[in-house]
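These are my notebook entries on one structure. I list what I looked up and what came back.

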2 protein chains.
Amino acid sequence: MSLKPLPPGSTVGILGGGQLGRMLAIAAAELGFRTEVLCPDPGSPAFQVASAAHVAAYEDEAALRRFAEACDVVTFEFENVPARAVEVLEALTRVCPSATSLAVCQDRGQEKELLDRLRIPTAAWALIEGPGDIQSAAGRLGRNAVLKSRRFGYDGKGQARLDEHLDAAAAWRVVGAAPAILEERVPFLREVSVIGVRGGDGSFAAYDVAENRHEGGILVESRAPARLAKATAEEALSIARRIMEALEHVGVMGIEMFVTEADGGERLLVNELAPRVHNTGHWTQDGCIASQFEAHIRAVADWPLPSTARHSDAVMANLIGADADAWPALAAETGLALHLYGKSEVRPGRKMGHATRILPLGTLESGG
Amino acid sequence: MSLKPLPPGSTVGILGGGQLGRMLAIAAAELGFRTEVLCPDPGSPAFQVASAAHVAAYEDEAALRRFAEACDVVTFEFENVPARAVEVLEALTRVCPSATSLAVCQDRGQEKELLDRLRIPTAAWALIEGPGDIQSAAGRLGRNAVLKSRRFGYDGKGQARLDEHLDAAAAWRVVGAAPAILEERVPFLREVSVIGVRGGDGSFAAYDVAENRHEGGILVESRAPARLAKATAEEALSIARRIMEALEHVGVMGIEMFVTEADGGERLLVNELAPRVHNTGHWTQDGCIASQFEAHIRAVADWPLPSTARHSDAVMANLIGADADAWPALAAETGLALHLYGKSEVRPGRKMGHATRILPLGTLESGG
């Protein structure tokens, strides 16, 4: 399939005005595109760098139509977009990634079913329709399991560890008394992620695997390269490609995996899919020729995918809440690339920026 | 002198809405600043990425006052700012670089006088007040000389080669019948430039010397590193520092130099100063941890200067006029970072974008 790339000067629409939308808008501008951003919050960070701002609810169909009519392509900074919004947009303009990618990735149940179908290993899991299902599933998976709402979970929200909640009913309430999955908690050596990108012509590229550290469900640090055997890293990229091809995904996808120990070697279990640019790929801005944001914009604009080559080793630290108050010290650190999101209000747990340390290639242990 | 850095969320004002203003605005946003841009052209590329746009003439004092009041610091994308505009702005807010830097750098006569005072070598030159001065100066410098208007010259405009104009009166008309300088044309081995940055506390940093190629007065290509003996490269940085200190310049300055042959070695002659981010520094976006645009924003915001370390070799090519029509082929080239300026109309000689090829450190011959 041959692509007809969107010419520079075209307008890229972004649904969602947070830091991901902001960094997407900057990347689009670097390629010569206009950007329009739709977000309900008038103080959205992305509005500060967009060519035009649409302050509107994701349910405001008249606003969605005006937005779609102004845009040559529309993309998303997050996956929890109401299905009806996608329908309204798709009737009027090209939308990337597709409704299918979004639908599967906004539902942990569908995500796991897809992975099972592709025979891609995950932690053992079960669908939970009500509190009654929890007991029977726990009987099978053990109590070292976590209940996760199927939809609208991020940064560890909508999750309850079963061993901390003696009572299934309590866990059910914590996840919002809505359809969920129960997932075995597997002991892992490390957490890694693949940032892959797929074009509308089926072309595929991926960045080097990153190694991630979470605290309280929130990403704290990513480093590239990951400490991973070469064969495991290759397997991670191959898994990412199979998932993205199965979804016919166009754009960037972030795929989180656990590295577990099996027979003295490494085994990968896929944990979570995000059909968008991903926090664990922020290091690509400073460690690679082209960032994940540029890769996503190129893919949704039907441009050739960029080089995903890494020119440096990189360690990215999220600046969460009051972390960002340390900006004067961070700004003074040599070799640290500081990215601040233009959010006026500091709130606990709020992602305010990130700081990426750049090191010569080969400085970090790769395990390969 | 200790600096009080401007906190993130502050507003950086940029006078001028072309590609330099656009790339400054993007760099400011990456550091968490809001940006406002003032430019008379409603289609200014920088407006597309700015938080707010002021469409106004540089002579519109009411508009300049509204702009200054909205900004915590104001800077410039070009040096030919009317002195009165700077006065109006300086009365209301911090302005960087200073009126002195601008005044000296917008006048080739003052520029040359400064260099003479600092005993920094230049090509032989003479002040020209009228056509009568040309004959006498040519008697001293020879006819292999170029007449350059003192003010408002850029990209080779306002220049006349004397050997092509038999008639001094004709040359005088070409440069606009206004005060000028006559400058000896020296045979040079190559053209190089230093992108230096100086903080309000006197701190100084500079990127590796770039080697440049001009055609018809317009920059075609820059590469870093330059092919230059190590001692010559060090001398170039030292010259840049002396000039910037003499002007108490705050921000980035681009300093163009000729490398000539002298006694079998290399000798530097300073050609031109630009008190701003400079086309020959665009390679820093992709070749360095921090770009010249970030360096400038940090300096004018009283932040610590960034690392100017280079992580890759780089070759930047300007996309001029119809060059930009080749964007599909350029977008498909692996390892090429493409930057397009969002200019809707292609005109001959108009800078539409640039493309930077990134190569592993040590790929390019350095001469050092």
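Where in chain A does A:Ser51 lie? I find A:Ser51 in the loop between β2 (34-39) and β3 (52-55) of chain A. Helices (H or I, at least four residues) and strands (E, at least two) are DSSP runs, numbered from the N terminus.

Ground rules next. I am working with a predicted model, where local features need pLDDT of at least 70, side-chain atom pairs count only at pLDDT 80 or more, and totals for chains, interfaces and linings use all residues. Residues are numbered from 1 along each chain as its sequence is written, chains are lettered from A and ligands numbered from 1 in the order in which they are written, and side-chain values use heavy atoms, with hydrogens and water left out.

**Entry: A:Ser51**

A:Ser51 is partly exposed, with a relative accessible area of 23%. The classes are buried under 20% relative accessible area, exposed over 50% and partly exposed in between (1.4 Å probe, protein chains only). I then listed contacts (heavy atoms within 4.5 Å). Leaving out residues up to four places away in sequence, A:Ser51 touches A:Arg34, A:Thr35 and B:Gln48. I also checked A:Ala29: A:Ser51 is 22 residues from A:Ala29 in sequence, and their C-alpha atoms are 9.0 Å apart.

**Entry: chain A overall**

I count 11 helices and 18 strands in chain A. Its radius of gyration is 20 Å, close to the 21 Å that the globule rule gives for 368 residues, so chain A is as compact as a globular protein of that length. That radius is taken over C-alpha atoms, and the rule is 2.2 Å times the number of residues to the power 0.38. The C-alpha trace of chain A spans about 60 × 50 × 45 Å along its principal axes. Buried residues make up 61% of the 368 residues. Of the contacts in chain A between residues at least 6 apart in sequence, 62% join residues at least 24 apart.

**Entry: backbone checks**

Most residues other than glycine have a negative phi, and most peptide bonds are trans. I searched for departures. A:Cys96 and A:Pro97 are joined by a cis peptide bond, with omega about -5°. A:Pro97 sits in the loop between β5 (94-95) and α4 (99-105) of chain A. Another cis bond joins A:Ala224 and A:Pro225, with omega about 5°. I place A:Pro225 in the loop between β13 (218-224) and α8 (230-246) of chain A.

A:Asp302 is not a glycine, yet has a positive phi of about 60°. A:Asp302 counts as buried, at 12% relative accessibility. B:Ala177 also has a positive phi, about 50°. B:Ala177 is partly exposed, with a relative accessible area of 46%.

**Entry: aromatic pairs**

My search of the whole structure gave 10 aromatic pairs over all chains. Rings of Phe, Tyr and Trp (its six-membered ring) pair if their centres lie within 6.5 Å; planes under 30 degrees apart count as stacked, over 60 as edge-to-face and the rest as tilted. B:Tyr58 and B:Phe78 form a tilted pair, 5.3 Å centre to centre with 45° between the planes. B:Tyr58 lies in the loop between β3 (52-55) and α2 (61-70) of chain B and B:Phe78 in the loop between β4 (73-76) and α3 (83-90) of chain B, so the pair ties together parts that are 20 residues apart in sequence. B:Tyr58 is buried, with a relative accessible area of 14%. I also noted one aromatic cluster formed by A:Phe33, A:Trp303 and B:Trp327.
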